[in-house]
Amino acid sequence: MAHHIICGLGQVGLRVTELMLRLGEEVTVVTLNSREEYVLQAEEWGAKVIIGDARSDKQIIDAGVLRSESIIPVTENDLTNIEIALDANRLNPDIHIVIRLFDQS
């Protein structure tokens, strides 16, 4: 079982969390602002949820970035997602990165 970090727990983050857990993967979610019901649902499914800013090295290190197979930034802010991805790559050059980008331009 591989470990994955999902950053952001809105509708997209919750769905990605659900799908990864269905595959039998280990998931840690880092979220700054999320609906309480999303946090409770993710935890009920078996994800570890950390309330904090995924742009912080400490937060993603605590989430397991040094041992994770992938990080999936899916916040509602494209620049935040890019910043998280670059920080994760700096800390773990072997990590796979999947980014949610909304702005087509």
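**Stop 1: T31 and its neighbours**

Select T31. Leaving out residues up to four places away in sequence, T31 touches G8, L9, V49, I50, I51 and G52. Keep in mind that this is a predicted model. T31 sits in strand 2, which covers residues 26–31. Is T31 buried or exposed? T31 is buried, because its relative accessibility is 2% and buried means under 20%. The T31 side chain reaches the backbone oxygen of N33 at 3.5 Å.

**Stop 2**

Five of them form an open sheet, in the order 3-2-1-4-5, with parallel pairing. Which strands stand at the edges? They are strand 3 (48–51) and strand 5 (96–97). Each has a single partner strand, so one side of each has no neighbour in the sheet. As a general point, strands of a sheet pair through backbone hydrogen bonds, either parallel or antiparallel.

Next, select residues 3–7 and 70–73. These are strand 1 and strand 4, and they pair in the parallel sense over four bridges.

**Stop 3**

Select residues 11–22. This is helix 1, and it lies across strand 1, strand 2 and strand 4. Look along strand 1 and compare directions: helix 1 runs at about 170° to strand 1.

**Stop 4: the nonpolar cores**

Select I6, L9, V27, V29, A42 and A47. These have the most contacts inside the largest nonpolar core, which has 15 residues. Helix 1, strand 2 and helix 2 (36–45) each supply at least two residues of this core. Which element gives the most to this core? Helix 1 does, with four residues.

Zoom in on I6. Not counting residues up to four places away in sequence, its contacts include V16, M20, V27, V29 and I72. I6 also touches G13, T17, T28, V30 and V74. Then select I5, C7, A63 and I84. They are among the twelve residues of another core, which lies apart from the largest one.

**Stop 5**

Now look for charged pairs. How many salt bridges does the structure hold? There are eight. Start with R15 and E18. Their side chains meet in a salt bridge, 3.0 Å from N to O. Both lie in helix 1, three residues apart, so about one helical turn separates R15 and E18.

R22 and E18 are four residues apart in helix 1, about one turn of the helix.

E18 counts as buried, at 18% relative accessibility. R15 is partly exposed at 43%. R22 is exposed, with a relative accessible area of 59%.

**Stop 6: a link between helices**

Last, select R90 and D57. They form a salt bridge, and the closest N and O atoms are 2.9 Å apart. This pair links distant parts of the chain. R90 is in helix 4 (residues 78–91), D57 is in helix 3 (residues 57–63), and the two are 33 residues apart. R90 is partly exposed, with a relative accessible area of 48%. D57 is partly exposed as well, at 29%.

Salt bridges that share partners join R15, E18 and R22 into one network.

Technical notes:
Residues are numbered from 1 along each chain as its sequence is written. This is a predicted model: local features need pLDDT of at least 70, side-chain atom pairs count only at pLDDT 80 or more; totals for chains, interfaces and linings use all residues. Side-chain values use heavy atoms; hydrogens and water are left out. Buried means under 20% relative accessible area, exposed over 50%, partly exposed in between (1.4 Å probe, protein chains only). A polar contact is a pair of N or O atoms within 3.5 Å; within protein, one must be able to donate a hydrogen and the other to accept it, and residues adjacent in sequence count only if both atoms are side-chain atoms. Contact means heavy atoms within 4.5 Å. Two strands pair if DSSP finds at least two bridges between them. Axes are lines fitted to C-alpha atoms, for helices over the stretch in contact, and angles run from 0 to 180 degrees between N-to-C directions. A nonpolar core is a set of buried Ala, Val, Leu, Ile, Met, Phe, Trp, Tyr and Cys residues joined through side-chain atoms within 4.5 Å. A salt bridge is a side-chain nitrogen of Lys or Arg within 4 Å of a carboxyl oxygen of Asp or Glu.
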